[in-house]
Amino acid sequence: MDHILSLIIFFPLIAGIFGFLVNKESIRAYGITVAFIEFTITIALWIAFDGNEAGFQFVEHATLISSFGVSYHVGVDGISLFLVILSTFMTMVALIGLNIEKDAKNLIISILYLEMTMVGVFLSLDVILFYLFWEFSLVPMLYIIGAWGSDRRIYAAIKFFLYTFAGSVLMLVGILYMGYIYHATTGVWSFSIPDWELLILPISTQFWLFGAFFLAFAIKVPMFPFHTWLPYAHGQAPTVGSVILAAVLLKMGTYGMVRFLLPLFPDATIYFLIPIAIVAIVMVIYTAMVAYAQKDMKQVIAYSSISHMGIIILGIFAINAEGITGSIFLMISHGIVSGGLFMLVGMIYDRRHTKLMSEFGGLAISMPTFATIYGIMLMASVGLPLTVGFVGEFLSLMGFYKVNWIMTLFAGTGIILGAVYMLTLYKRSFFGEITNDKNRGLKDINGRELAAMIPLVALVVILGIYPKPILDPIDTSVKKMIVLMQKKSVLPENKEFIIKVNSIRGGE
Amino acid sequence: METYLYIALFAPIVGSLITALFAQMPKKICVGIFTSTLIFISFISSMILLNYVDEDQIVHVKLMDWISAGNLSIPFGFVVDQVSVIMMVTVTLVSTVVHIYSIGYMDHDESFNRFFSWLSAFVFSMMILVMSDNFVGLFIGWEGVGLCSWGLIGFWYKKHSASWAANEAFIMNRIADLGMLMGLFLIYWNIGSLQYDIVFAQIVNLDINVVTWIGIFLFIGAMGKSAQFPLHTWLADAMEGPTPVSALIHAATMVTAGVYLIVRAGEIYTLIPDVGLFIASLGAFVAVFAASMALVNRDLKRIIAYSTLSQLGYMFVAAGLGAYWIALFHLMTHAFFKSLLFLGAGNVMHAMDDELDIKKMGGLYSAMKPTAILMSIASVALAGIYPLAGFFSKDKILEVAFNNGSYFLWFALFIGAGMTAFYSFRLVMLVFFGEKVHKKLGFNPHEAKPFVIYALTPLALLAIVAGFFEQSFHEFTTQLLVNYEFTLDHSIALILIFATSAVAISGIAFAVYKYKRGGFSEKIEEWGVYKLLINQYYIPKLYKDGIMKPFTSFSKFLWLNIDNMIVDKTVDMIAGAIYGTGEKARKMQSGNLSSMLRWMVAGIIILLALAIFYRPMV
Amino acid sequence: MLEPISIDLVALNVTSLLPMAITVFGALSIIVIDLAAKNLQKSFFTVLTVLFIILSLGAVIGFNGEDRAFFDVILSDGIAMISQMIILVTSALFVLLALGGRRFQEFAMAEFYALFLFMIAGFQFMVSSDNLIMIFIGLETASLALYTMIAMHNRAKAHEAAIKYFTMGALAAGFYTMSAMIFYALTGSVEIHQIALVLNARGFEPLVGVLAATVFMLGALGFKLSMVPFHTWTPDVYEGSSAALAGYMSIVPKIAGFVVAMRLFEMLIDSGVVWLENILYVAVIMTMTFGNIVALVQEDVKRMLAFSSIAHAGFVMAAILIGTTEANAGLFLYWILFMFANLGAFTMLWATRHRQNLWDNRYQHPFVKFSGMIKVSPTNAVIMGIFMFALAGMPPFSVFWGKLYLMSAAVNSGHIALAVIMALNSAMAVYYYMKLIVYMFLKDPVSDDENIYSSNMSTVLKVILGFAVFVTSISIVLVEPLLNIITNYVTLSGF
Amino acid sequence: MIGLTHYLVLSAILFAIGLVGVMKRKNLLMLFFSTEILLNAVNIGFVAIGHYYGDLSGQMFAFFIIAVAASEIAVGLGLLVLWYKKTGSTDLDSLSMMKG
């Protein structure tokens, strides 16, 4: 088990390289097999993972540039563990659901590379390494959107790439500055997160660094008003691209917030808490309304993703164990649910070659099983209890309630508006008589699609009923992080604030 | 006893899940029988538990942990105590009847199997709701019944109105659920737990303001589920669903969940009588408000729906004023006679080929005698005539209002009682007696199958006799619930009973008298009051024009004008500006050697000028 | 009266001249061989050139004598060494591009190789001296050879490019001499370390004089380094010359220029000439930004690369502005890493070189040419993609590490704003590199004839490409050793 | 008495004339002349300064400049002839294939 993390990171890369040798006809099977093996390894990681240990486990360290403190440093804790599993799981599911024949080889190899970068982002403990994977994840995605997307794919791909790239260059400056400060303070160069977490920064420095990191994450999430790349990307991307984009890539932003902003800059986090929360709430409500106005089924889900990401951000900035644990869980559940919804939209697109809701109507008559699965996913997206969507949303909102109850109330309208646009979508597409003859006699979900959807549906229900195995390790690591934040914050009122939002009673 | 608890709880979901596998297959009668049996088993278990609890024992189990994070720990825990067991029995009893009834009612429906799957799932959700030992568990059931209600209202999803009504119900409930969630958060952050026992034990230690807010938030949740004003419109629209659904969900069980919540959280509400008074006032208002709409409506099911709304108002009055056991009692009796009423209406609908306009019926008595009798019993019970069940429970509520000194509330309820009697018998008269309008319209009514009628008899029986259990019910429930002390003089109470009965009887008499003679003239339809009532006080229209339309157009505005035109365009403009600058800067590369040389010389000259004029040298 | 001077051969320290002597000797011997034996193949000359370069490189690496030699005219300090290595290695790699699949007349001529070696010698002299006369001679030797080589490509555009380059070069030479004259007038010396001593002793008075000299030097070096507004020749010359030579021009003359700039400007900045610091600040930003935004709108890949090399030069100029050891080490690191990426990109262009302009009347390598290359010639497309990402500074490819190190140097010396501007510029730069990626990977092919992408391909080119790809991709492990060597040399020479 | 200043002023004036010529002349040949003027202007300066300091570097520099100028003009004229053969013009504006 010593090098399991490296194995997880580099197995898809190596498999991708060898994928060039595989025959075109069998490349899909190859992709699924590789993804399955990768997923199995991550499951093994989970089994070997000690849920009671809050720190990083399976740490590997190898110096790359000693004079500059850059090293190959990976490790996993409760916060990242499940995001890694989510990445490998969703990649596997997306590959099972894949039915693109055109240049399938390039596509599948790109997906495998993408998998490597996603896993790399979550496992990196060296910030330069993190940045490396972070940036490189754009490349396969650019290719996937741009080469297999719909009409305006190139515009969408470039927009996605440039927007997110531009956002992250400032983070690079922030990283370098942070490294400089670390060097100035300790006399050693280090870009390792555990090292950085020990550094107590003066407030003004925290502000600037917070800003530099936050912008990159905010664009990735994407937060209002930096979100406009996402609808384009989703609108044009092929199904597999949307699935991975929504399920995993967006989570990198929120993961970054948890991993960097909170423990590194606790005072700045608390200082900017309210403004960010306001933006998050605006984002929840605004995008939910925009989602309601959409005509295209996929766009509804794209905007709904943004709306849900708002709740995740709110949970993170609750700075209490309930909120942060909840939002990490919500990241996972949203990954499963939105990934599933995008796959479902892709299936209907394969049949009808349109995503406009006005083209549908009465699909429940021609495709009842499909409608049922769609309904389950939709209910999970709406956050119905006993589905996976509820737990995270409940905890996130509950966490933020301690910070500010009025803002939670506003954010909570997201769950109402979520029901509004989702049910409207469902009604317009699935209910009613079949008005469009093309919808008559559509084939119901087939074996391949079912094979992709059943794991998702099963997880939606199982994790909705029994989220404990996931919540517990997350909670352990999060609690440790909060203690760290409390210790590190410079201002006494911030120390008190952290204690306050983490304790029952007190305050309002 | 835990075994019985689990049987009672899980029998319905087993039925539902197994049936779900057959959902897309053609009708299988055994599906109906199978689920009905399981529900019946659940009922039997509930009865055994009732018996057990009656010996002053409480069953409390913890199945497993559900959510735990930070200080929060929520288990799947279930409790069978005096309150929940009453609910369990009521729910499973009515459910059993409805299930059996549905085998006949849904006979010709192509989605017969799907129906039973949903219906059993509903029962399961309802059981979770009433049996949970914590607020979040209650919330699971709360949302679960909402989901099943959505699926069942929109059961005939091909009908636009049905799926619309389903969405309306779900969304309206969501609005209220948000309030409830806020209440849960508030409880958690002040007590650190959401278990009933811990919360109720510690609630007294809290600041009264906090308790008030908790009470308000929880009541907002209750308002949605129990369709209290202003979240009431969904209930009438929910009649789009199949009639058994209306009987089970929108009369007997789900809509009463709000009342159950208030009763359950009685320990909180006793601390905050002001909120209680508000609840009672709103209840009284709804009681009259809904009854008034029932007076003129011509839709068979909607009349009963408004009646339900009105009766829920009654229950809230009792609960708000602290008479929890009375609220619960009315909840139970109402469940019996109201579901009977609905199921009878279902028979009528079947007979009339799903026609709902009561003006098109008339004289059905001859064709369907048993149904007519059953519905009459239910109506009498609803009107509150001695010795039927409604008399005991409803009169008690009026007594409570009077006892509390809230004479205005009492008066409202008093008027409401009269109206109830009138519209109930308006319905009975127009449907079963009088001129046979349906003959002219070419309907050929027929009575339902015998087993359907037999299935209804237990309900009818209970509607008649349930009232006599008042005393034992009182003793039983007040072991857990806060008792309500009557300070009213016995004679005054007697006067009140007579007054109420009088107004009920006169209401019935007026209806019978009037509709024997062909009813009111067409003229009253011109009246402003009539228009106001038939249009439901224009509230649905207000919601449509005042909320939905602006919301839709504002959403469109946000998308097309803000998101596309401002937010996105800004990004594109930045990119465009950079690109445009590139195009302009490109002109510098004219390719002409002369100008290239001039650029160089110009550069030197500018730098020289700077060297002379700009010298930041220290 | 002049005294007769007795020359001590040991004091002359002739070994320090060995590297240049080898290249000059090589050039002469190539001419002689050509006179003696006709009909020798280009491969013979190419390999011979490479051999002489390797010998010279050996002489550089093996050198361990005194810094100063030859009456202090030669200064073989650390940066001279490291820059000579870069120059020689780059030259060796680029001259091999002559062995493309197709015949070009300039490579058939022995003179080309002689000129090439002379040019290298010129650059070597330029970097290993702090005597303004020597620098001038080196610079002009190299430039004159380069002009001729450009013209030897024998296309109308090549001639135009040569004339433009030549004329502007002559003007720049005028600037250079003018600057040298003013320094000489101020201090009575033409040696940089002497000039520094005198100026420091006198407190930089008269400042106008010093600044005037600096201005002319900025003009002259700005021309070599293609700083705005002295950059105008760059795109035209790159476009006119063959891809191989254009790639060469983007690396070697600039590193030579950087070394001179480092010697001269850092002396001034270190002494507290704030004016120069401010001017350089503005110039760096203008150069970066201008290069980037004009590159955005180009239609031809080679021209785009020309503008991008302006931007890269601006980026690296920042190191001179910052002036710390870390920054100077970063400069060399960046340039080495940049060299490999650029070598690859230009080699790729060179390999796709066609006789006619199939896609555009004017351009040889318009973006359209590469449409859908992934489908026609996937390996080449992926390789070109890697070079583009490397140039764009996408991790983990080579240039990223240079960028990282330079930006870190900026941050560490307190130039945060500069670092931010550098970062934003690299974000902007991504767009035009992406443009090629988009054409190659996302568009549909214009023709499915694989040969159009390999008309000039040969085994040698493939090997060079492979080497470049390899280095570009694994640069993460190269950074550490490279940095050690560079830092060692840079610290040795006190920068 | 003609001193250093006079020489320097002369040098500067000649340099300026050269610059103006570089900017204004449209004939390539004249342009080369202008660049020659530039270099020779500097030569005057170097020689004068060298004399002023009694230092030989100035003179040396001047010699080198003369040598470089000569070789430069050789290359330049070669290019000019090449261009003239191809286009029949020595006008600067004929160099306009590449721009933008």
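**Four chains in conversation**

Visitor: How many helices and strands does chain D have?

Guide: Chain D has three helices and zero strands. Helices (H or I, at least four residues) and strands (E, at least two) are DSSP runs, numbered from the N terminus. This is a predicted model, in which local features need pLDDT of at least 70 and side-chain atom pairs count only at pLDDT 80 or more, while totals for chains, interfaces and linings use all residues. Residues are numbered from 1 along each chain as its sequence is written, and chains are lettered from A and ligands numbered from 1 in the order in which they are written.

Visitor: Is chain D compact or spread out?

Guide: Chain D is more spread out than a compact globule, because its radius of gyration is 17 Å, well over the 13 Å that the globule rule gives for 100 residues. The radius is taken over C-alpha atoms, and the rule is 2.2 Å times the number of residues to the power 0.38. The C-alpha trace of chain D spans about 50 × 25 × 25 Å along its principal axes.

Visitor: What percentage of chain D counts as buried?

Guide: In chain D, 37% of the 100 residues are buried. A residue is buried if 20 or more other C-beta atoms lie within 10 Å of its own, exposed if 12 or fewer, and partly exposed in between, with C-beta atoms placed from the backbone.

Visitor: And what is the figure for chain B?

Guide: For chain B, buried residues make up 58% of its 618 residues. Chain B has 25 helices and two strands, and its C-alpha trace spans about 115 × 65 × 50 Å along the principal axes.

Visitor: Which domains are assigned in chain B?

Guide: The assignment, which is automatic or from a database, gives domain 1 (1-133), domain 2 (134-534), domain 3 (535-587) and domain 4 (594-618). The C-alpha centres of domain 1 and domain 3 of chain B lie 48 Å apart.

Visitor: Where is B:Gly580?

Guide: B:Gly580 is found in helix H24 (residues 539-586) of chain B. The residue is partly exposed, with 14 other C-beta atoms within 10 Å.

Visitor: Turning to the interfaces, which pair of chains has the most contacts?

Guide: Among the five pairs of chains that touch, chains A and B have the most contacts. Two residues are in contact if their C-beta atoms, placed from the backbone, lie within 7 Å. No contact joins chain A and chain D, whose closest C-alpha atoms are 24 Å apart.

Visitor: How many residues of chain A are in contact with chain C?

Guide: On the chain A side there are 28 residues, in contact with 27 residues of chain C. The largest share of the chain A side, 15 residues, comes from H7(A). By class, that side has 22 nonpolar, five polar and one charged residues. Here Ala, Val, Leu, Ile, Met, Phe, Trp, Tyr, Cys and Pro count as nonpolar, Asp, Glu, Lys and Arg as charged, and the others, Gly among them, as polar.

Visitor: How do strands E1 and E2 of chain A run?

Guide: Strand E1 (residues 57-65) and strand E2 (residues 70-76) of chain A run antiparallel, joined by six bridges. Strands pair if DSSP finds at least two bridges between them. A:Ala62 has A:Tyr72 in E2(A) as its bridge partner. The hairpin has four residues between the strands, and A:Gly69 takes a positive phi near 75°.
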